[in-house]
Amino acid sequence: MTQYIVTGMTCAACQARVEKAVSKIPGVESVSVSLLTNSMGVVGDVAVSEVIHAVEEAGYGAKLKNDGSSDVKKTSASERLKAEEEALKDHETPKLKKRLLWSVGFLLVLMYFSMGHNMLKLPVPSFLEGNYTGLALTQLLLAVIVMYINRAFFISGFRTLFHFSPNMDTLVALGSSVSFGWSVYVFYRLTYLVSTGTPAMELMEIYHSQLYFESAAMIPALITVGKTLESLSKGRTTDALKSLMKMAPKTAVIERDGVQTEVGIDEVKADDIFVVKPGESIPVDGIIIEGSTAVDESALTGESIPQDKAEGDSISAATINQSGFIRAKAKRVGEDTTFSQIIKMVSDAVATKAPIARIADKVSGVFVPAVIGIAVIVFIIWMISGSGTVFALERAISVLVISCPCALGLATPVAIMVGNGMGAKNGILFKTGESLESAGKVQIVALDKTGTITEGKPEVTDIIPVDGISDDELLNFAYLLEVRSEHPLAKAIVSKVKEPPCPAYPVLNWQALAGNGVSAEQNGEKIYAGSGKFIRTVTNIDTKMGDVEKTLSEEGKTPLFFAKSGKLLGIIAVADVIKKDSALGIKELQNQGIEVIMLTGDNERTAKAIGKQAGVDRVIAGVLPDGKEAVIRDLQKRGKVAMVGDGINDAPALTRADIGIAIGAGADVAVDSADIVLMNSKLTDVSGAVRLSRATLRNIHENLFWAFAYNIILIPMAAGVFKSIQMNPMWGAAAMSISSFTVCMNALRLNLFKVHDAKHDRKLRHPAKPDTDIFDENVIRSNDNKITEGKQMTKTLKVEGMMCMHCEARVKKALEAIAGVESAVADHEAGTAVVTLNAEVADDVLRKAVEDQDYKVLGVE
């Protein structure tokens with residue numbers, strides 16, 4: 001895909017025009033234009049110059065996104081990054097704010113002279129009192145200033161009109177220009193009448209009833225209000241890519257000829273040796289050749305638990321070295337790093353994601369030509385009927401003025417503004433008007449498990465001591481064994497103890513037994529902690545405790561056994577528990593007619609246990625971090641999809657989904673990648689967002705109904721169809737004002753809406769299409785984002801020593817690093833690792849990969 005920056009677009013009609021123009025070029029397979037990011041993605045064998053020419057012929061501007069020239073490849077990765085950041089910078093909102101401020105200032109002065117003096121009898125300078133030509137000239141000059149400040153509407157409106165593709169700007173330009181042109185004519189007529197000595201009463205009547213300079217100025221000023229509100233939301237949508245780019249490492253310390261030198265990231269080449277100190281960011285993807293450490297990979301995976309790394313392990317750019325000094329060999333640099341690929345995925349998803357087309361923009365292509373045509377026909381008919389040029393012109397101008405798009409233009413942004421305010425009060429932040437419009441139409445909600453449905457960190461859930469041992473005694477005993485361990489499950493137990501015990505005898509000869517647990521000595525007695533399999537080698541576990549172990553495992557919990565001198569002391573269960581309101585939030589979504597799906601990288605048994613507690617409709621297990629975007633793409637075949645997540649690994653999926661919803665307590669990039677942010681990190685806010693969106697959509701439809709209904713009723717009246725009613729342009733302007741006022745007042749009713757009141761929830765009329773194959777037992781989500789069917793070769797390894805999800809992740813990672821292995825799903829409960837192969841791989845190779853991680857392979861089937 002080749003990406004371009006497109007300039008000059010102002011509404012969905014512009015977007016459609018650009019897409020239509022480029023799609024006609026021979027060789028173009030697909031084209032997608034994003035109004036939100038002013039970008040365009042083109043797929044196909046076509047010259048850049050042809051694409052740019054087609055866009056320019058349509059009346060807009062275009063250039064390559066990554067560079068101002070066509071020679072993109074000559075630029076470095078960092079230079080392209082800077083170019084991308086500049087392209088995403090919000091240049092429009094500051095201009096609109098300044099324009100709005102100046103417009104309102106001069107418009108208030110104009111309204112003082114026109115409405116204030118004429119209707120409220122407010123004072124004016126003595127030399128203007130009764131001086132109708134002077135007052136008219138003052139209004140003319142003020143109107144010219146306001147129209148010049150908002151000249152962008154006229155440039156865009158008339159340009160698109162000349163290209164036979166009128167948009168919303170065309171309505172603004174025509175309504176304002178005709179009002180101004182008519183008023184200029186009246187001004188000269190007034191000047192002439194003054195020179196001929198026309199009576200003051202007749203002059204006053206002409207001045208009061210036929211000048212519309214305030215309308216000419218008010219039309220673009222009011223539309224600028226809506227445009228500013230829209231731009232404020234639109235500018236925030238590009239924060240996702242900008243936030244991602246800020247995380248990219250800028251420098252690296254490499255070794256050359258035995259000397260450590262800090263260089264720019266672009267100077268690092270494959271096979272260079274680089275060093276990383278504790279607390280520093282890893283600059284490129286590589287393999288550790290010396291040292292060991294714990295690496296915070298939350299920037300890539302969203303998981304808060306650091307991963308242990310030693311010699312031979314791979315490390316990724318933008319992750320943080322937390323504890324040890326390491327030397328590593330660079331493997332993937334520049335745009336080839338995992339981090340850069342994530343940026344590319346998000347960028348591509350933004351480029352191909354079509355924004356929700358506004359209803360007003362959809363009809364503007366028909367509405368504008370229709371109104372212009374009606375005005376011309378009205379003028380011709382009255383001229384033929386012999387009513388005179390002035391009368392015919394008044395009728396035509398009345399039609400144009402009364403069909404002014406103020407209400408049409410304000411119908412959506414005003415409702416969205418109020419809806420956004422209500423959301424913010426309730427901790428639901430809609431980044432754009434599009435996200436507020438779209439949330440209520442979602443048919444499927446995909447929930448990331450860790451940190452979204454669950455708390456995101458292991459916690460002690462159950463303490464089950466044997467008879468004669470208290471809960472506190474078991475917990476304190478466990479603390480003494482686990483306090484030295486760096487294992488996540490051990491840390492959960494340690495954090496459970498509020499006051500560390502002071503043992504009578506020290507714990508000696510502490511030893512971590514990889515894949516099994518820990519052992520030590522206290523007062524000459526052997527003490528142990530670990531999995532059920534391990535503890536069974538040092539003591540007997542009776543049927544009662546065995547049943548407890550089975551029940552805990554079925555609930556998705558990890559049971560840890562503790563023994564002393566060959567005697568079992570009890571079990572402590574640790575799990576990533578679901579949040580208190582998760583089940584309620586999921587139930588509310590289901591009551592709204594939305595299918596709820598949980599995505600997780602866990603094994604199927606653990607995933608189903610969590611899914612059952614949460615009450616989701618379906619569970620997709622074994623989804624790798626870089627495979628979520630593909631799952632969302634598949635789900636979109638069945639309906640509109642919302643993705644809820646909290647990690648950077650969710651960023652591509654959040655952007656690919658029709659609506660991305662981020663948990664506010666999650667990674668910053670996930671928050672920036674999403675369309676909606678839940679500040680309270682509650683799933684009940686997801687249903688609240690849907691509820692508020694539906695209420696806002698109803699309000700928008702009501703506003704649009706009024707905006708069009710008054711046109712349908714009053715345009716014939718303005719045209720003179722009803723002979724008993726002769727409407728002049730002044731009444732048309734008044735009707736326009738009433739229409740706009742009504743739209744705004746209706747939107748304000750949203751302030752009374754209760755976001756978390758589920759009493760009136762209704763199911764969707766059109767739920768998601770039935771699922772046919774995604775959840776088939778023979779379908780597995782694989783590492784390269786494909787769906788691999790059960791017909792492909794699979795092997796099952798019997799693995800001993802896995803104790804928790806952390807162990808599963810190590811085995812999974814080791815197996816998937818082997819060429820020919822498409823995916824691996826490890827299950828510590830079953831003691832298996834199921835490997836899907838796309839090429840022949842010897843059993844010995846699989847066995848060695850697992851045993852290198854300090855686990856024992858009992859057999860390969």
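Visitor: How much accessible surface does the chain have, and what share of it belongs to carbon and sulfur atoms?
Guide: The accessible surface is about 37,700 Å², and carbon and sulfur atoms hold 57% of it; such areas come from the Shrake-Rupley method with a 1.4 Å probe, and for residues only the protein chains shown count as cover. Before going on, please note that this is a predicted model, in which local features need pLDDT of at least 70 and side-chain atom pairs count only at pLDDT 80 or more, while totals for chains, interfaces and linings use all residues. Residues are numbered from 1 along each chain as its sequence is written, and side-chain values use heavy atoms, with hydrogens and water left out.

Visitor: What share of the residues is buried?
Guide: Of the 861 residues in the chain, 54% are buried, a word that stands for under 20% relative accessible area, with exposed being over 50% and partly exposed in between (1.4 Å probe, protein chains only).

Visitor: How many helices and strands are there?
Guide: The chain has 30 helices and 32 strands; these are DSSP runs numbered from the N terminus, with at least four residues of H or I for a helix and at least two of E for a strand.

Visitor: Why is helix 22 called roughly parallel to helix 27?
Guide: The axes of helix 22 (residues 582–591) and helix 27 (residues 684–719) cross at roughly 30° and come within 7 Å. Axes are lines fitted to C-alpha atoms, for helices over the stretch in contact, and angles run from 0 to 180 degrees between N-to-C directions. Angles under 35 degrees count as roughly parallel, over 145 as roughly antiparallel, 65 to 115 as roughly perpendicular and the rest as oblique, so helix 22 is roughly parallel to helix 27.

Visitor: Which residues of helix 22 meet helix 27?
Guide: Leu584, Gly585, Glu588 and Leu589 of helix 22 meet Thr684, Val686, Ser687, Val690 and Arg691 of helix 27, where contact means heavy atoms within 4.5 Å.

Visitor: What makes strand 30 and strand 32 edge strands?
Guide: They belong to an open sheet of four strands in the order 30-31-29-32, with antiparallel pairing. Two strands pair if DSSP finds at least two bridges between them; strand 30 (821–827) and strand 32 (856–860) each have a single partner strand, so one side of each is left without a neighbour in the sheet. The twist in this sheet averages 25° from one strand to the next.

Visitor: How do you know that strand 29 pairs with strand 32?
Guide: Four bridges join strand 29 (residues 794–800) to strand 32, and the two run antiparallel, with Lys798 opposite Gly859 in strand 32. Helix 30 (residues 843–851) packs on this sheet, touching strand 29, strand 30, strand 31 (832–837) and strand 32.

Visitor: Why is strand 18 described as mostly covered?
Guide: Five of the six residues in strand 18 (residues 517–522) are buried.

Visitor: Which strands pair with strand 18?
Guide: Strand 17 (residues 507–513) is joined to strand 18 by five bridges in an antiparallel run, and Leu513 stands opposite Gly517. Strand 19 (residues 525–530) also pairs with strand 18 in the antiparallel sense, over six bridges, and there Glu521 has Lys526 as its bridge partner.

Visitor: What do strand 18 and strand 19 form?
Guide: They form a hairpin with two residues between them, and Asn523 in the turn has a positive phi of about 55°.
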